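Q: I'm new to this. Could you show me how to read a protein model, one feature at a time?

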Amino acid sequence: MAQTMTAPAEVDERQPPTELFRHLRSSPAGLRSREAAHRLTVFGPNELSRRHGRRWPRQLRAQLTQPLAVLLMVAAMLAWAGHSAPLAVAVLAVIALNAGFAFVQERQAEQAVEALAAYLPASARVMRDGAPVEVPARELVPGDVMEVAEGDRICADARLIDGVVAVDMSALNGESVPVTRAADAEPVPGPLLEARELIFSGTSCTAGQARAVVTHTAMHTEIGRIAALSQRGRVEPSPLERQVRRATWIIAVAAVAAGLGFLPIGVLAGLGWTAAVTFAIGLIVANVPEGLLPTITLALAAGIRELARAGAVVKRLSAVETLGSTTVICTDKTGTLTENRMRVTRVWLAGADRDVAAAGPDRNLRDLALAAAVCTTARPADGGDPADGGDPTELALLRLAETAGVAVDPAGRDAARTALYAFDPRDKRMSVVTAGRLYTKGAPESVLPLCTTALDAQGRAAALTDRHRAGVMAAVDRYACAGLRVIAVARRVAAPQRLTAGRRAAETGLTFLGLVAMVDPPRPAVPEAVAAAHRAGITVHVITGDYGPTAAEVAAKVGIGHGRLRIVTGAALDRMGDAALDRLLADRRETVFARSSPEGKLRICEALRAEGHIVAMTGDGVNDAPALRHADIGVAMGRSGTDVAREAATMVLTDDNFATIVRAVEAGRRVYDNVRKFVLYIFAHAVPEIVPFLVFALSGGAVPVPLTVLQILAIDLGTETLPALALSRERAEPGLMDRPPRAPRTGIIDRRLLWRAWGLLGVTSAVLVMAGFCWTLWRIGWRPGDALPPAAHARATTMTFAGIVACQIGTAFASRTDHASLRSIGVFSNRLLLGGIAFELAFAAALIWLPPLRPLFGTAPLGGAELAFLAPFPVIVWGVDEIYRARLRRRGPRPAMAGPATWTTHPVPAPGS
Ligand SMILES: Nc1ncnc2c1ncn2[C@@H]1O[C@H](COP(=O)(O)OP(=O)(O)OP(=O)(O)O)[C@@H](O)[C@H]1O
């Protein structure tokens, strides 16, 4: 019974398997489901518990003590000392609100990233009730018998009971060279981590296949003890956040300088010291853009959520913006460009091509099909997605055997196997030994050199001459040029000890059985996505393990290469020096890197990055991990990829589809654009807020102060926040994917943005606002030098306040596009913005018309004439910007944000290629 079972911490994994099974009350057939469920409640889920359950007080404290908040606190204290209690309270409210806002945003962003774990469920294959099943890794319990195969992440500590695996232990001991682990019946000597019989949670299997009995789970595992994984690394700020933080500081310093500068001018203009200090503080508080950073974090988090819905799980906030500046996508072929649903259509037997559907199964076909099917490890899933059962190439071979009348049962196949030389992406072949025979299948160039004989039409082995070999390779080329994937199949009959004496010794003197050619149709969405990538100035290279002509045909079918595709083989790449590779890549001609190795992939990635490219690189195998880590955006396949690749990647595609990468690039560009939109909007208000004070100060007090400090705060805190947030959710502007990628080092706040914010929108608004203020004074009958009664002054300042609000509505509409006309995206298409503006109006109306608020904010009700005067303001501000954008469009294609200087959207021919 489980209650009497040894507690996991006490299980001694050093015991021989038979004793271990007795202790764990288990057997090689695994646990019963009920017993496993029971153990799960007793021992708890197989998860590493978080150390920092309650992090929020610390996070909140961090928000309240960040430098901008401290700056504002000093301002509040000065206001208090200067007997401006309402101002001090208002500034404290600003601090509290901003800290709360930033805190919520950061939590949301964090949750968005954490929630992604749900898209990447770690799972394990275990024996339950005597049959293999896939269970979530968190449900593993001590006593479970789990299967481990190439590419799996190992999720519990266990002792091997059969098989041999290579294990990457770097998570535990930092050692990056995989070590061999094998089952053994003896007790384990020496240090645990070095034991040949044990495997550990957090490590990964890089080759081979084995079964193991789970000894420890959750915090009882070695990695749980070290608790290495429970400590989450600090989230690095994204380049965008860093840029904005810098800009925020520059503006804060400018605001403080302006505030301090205003002090003497205010006093000279006739304000008392107290009033001058109050206004100076108001200027500082108004212009410190404290809400900017959290809003950017929120925009990036929203981008992550949206990408996840579109099938791309992004693991880092900063990846969203990097995606937007992608200049090169290096994609693999199988499963990304193609559907990964293979079907054998033709075979090549004894020198003749045959259509599988038409040919009756004769002895040679049966031999070929049986050999190919025995040399597999895939298990077809019952009715489920074919991709769930294993390698689609192998599933196609199992189906071929069925068609040929020699169906292979996966369980019997595995039981009869006495050796497995796993598929190696460098050698591009695999072999198994079963019933005294070795079966090999793989890339023809890899298998053919190992063959010395071939089956003739009568099924007899005859010597394989050079002429034969040339004939085989010519057939391979014919199939490949039709886009077919070709696998060569061979076998060897020899004494068992020769076949199990190691790969090199076993895979010699083979008899060539024939070729198998299969179709793998391109995914329907890919041609459109490739065209979109080209319009967006992105180069697409294919880096594939497959044969050049096959890959080139598929690539050409989906539009890669603009009809001028270049093929570089793995061997050619190996011979090429770094300088030659740089030259090759510099011309931006799209290339198929065929028969590539993981090292080749890494080299291409490094060379492209050294050229200043932003590289998105796909990969699915264990060996792809270095390239995935090295790329700017490592993209792993969520369905067909290995756990190791998924862990190394920045982005995981839940649908394995190339089109999703392009969609992710589009989302990245849109998020970046939207950040610019709200930066523009938030910057634009500075001018109409500062100009009234300048007029007051420069007139030496002859013109009354046009705006009160609390009115400024009401704008910054109340009316402006929601529209700014709504801008961060704006839809894509037309032409978003028709422009070249943004140069990664382009600052988000460039000269054009500042000119538009301050010079155009700001100055227009300031002129209108001052016009409203002066017009009101003139209507009241005030003339320069006259004394102004408080009620009349309140009415005039209210007009300034309402004028700024009205102008900000126009600015919000103008900010919605960077280049395009508002009409092209639909005037009312951003519902959130409409809601934000409704709130803005209601808030302003409350301040102007609600009697309890009026004395606090120094406002007075406005009449019909004033409202009529204000009504055109939004349209004028937006209209001026609309004219500016129209002129910009007329001047030619989108300016700025272009890529590297050598960039051209159309490929240029390679020198000498
Ligand atoms: N299961 C397998 N057994 C034996 N040989 C295989 C197997 N899978 C692939 N091959 C051979 O190895 C070659 C390389 O395969 P690999 O998986 O590295 O890349 P790929 O699937 O062809 O393409 P991509 O890199 O685009 O995914 C294939 O072209 C094929 O000839």
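This is a predicted model: local features need pLDDT of at least 70, side-chain atom pairs count only at pLDDT 80 or more; totals for chains, interfaces and linings use all residues.

**Strands, helices, domains and a ligand**

Q: In what sense do strand E4 (residues 157-168) and strand E7 (residues 204-216) pair, and over how many bridges?
A: E4 and E7 pair in the antiparallel sense, over eleven bridges. Two strands count as paired if DSSP finds at least two bridges between them. Strands (E, at least two residues) and helices (H or I, at least four) are DSSP runs, numbered from the N terminus. Residues are numbered from 1 along each chain as its sequence is written.

Q: Which other strands pair with E4?
A: Strand E6 (residues 198-199) is one, antiparallel over two bridges, with arginine 159 opposite leucine 198. Strand E5 (residues 179-182) is another, also running antiparallel to E4 and joined to it by four bridges. There, valine 165 stands opposite arginine 181.

Q: What is the strand order in the open sheet of eight strands?
A: Read it as E8-E24-E23-E22-E9-E19-E21-E20, with mixed pairing. Strand E8 (312-314) and strand E20 (566-569) are at the edges with a single partner strand each, so one side of each has no neighbour in the sheet. On average, neighbouring strands in this sheet are turned by 20° against each other, direction ignored.

Q: How do I describe two packed helices?
A: You give the angle between their axes and the distance between the axes. Axes are lines fitted to C-alpha atoms, for helices over the stretch in contact, and angles run from 0 to 180 degrees between N-to-C directions. Here, helix H12 (residues 363-374) packs against H13 at about 145°, and the axes are 8 Å apart. On the H12 side, Ala369, Leu370, Ala372 and Ala373 make the contact, and on the H13 side Leu397, Leu398, Leu400 and Ala401. Contact means C-beta atoms, placed from the backbone, within 7 Å.

Q: How is the chain divided into domains?
A: Into domain 1 (2-50 + 119-226), domain 2 (305-338 + 523-664), domain 3 (343-519) and domain 4 (685-893). These bounds come from an automatic or database domain assignment. The C-alpha centres of domain 1 and domain 2 are 35 Å apart, and nine residues of domain 1 are in contact with eleven of domain 2.

Q: Which residues come nearest to the ligand?
A: Of the 20 residues around the ligand, Asp332, Lys333, Thr544, Gly545 and Asp546 come nearest. A residue is near if its C-beta atom, placed from the backbone, lies within 6 Å. Helix H13 (392-403), strand E13 (429-434), strand E14 (437-442) and strand E17 (485-493) supply at least two shell residues each.

Q: Why does the ligand lie between domain 2 and domain 3?
A: Domain 2 and domain 3 both give residues to the shell around the ligand, so it lies between them.

Technical notes. Two residues are in contact if their C-beta atoms, placed from the backbone, lie within 7 Å.
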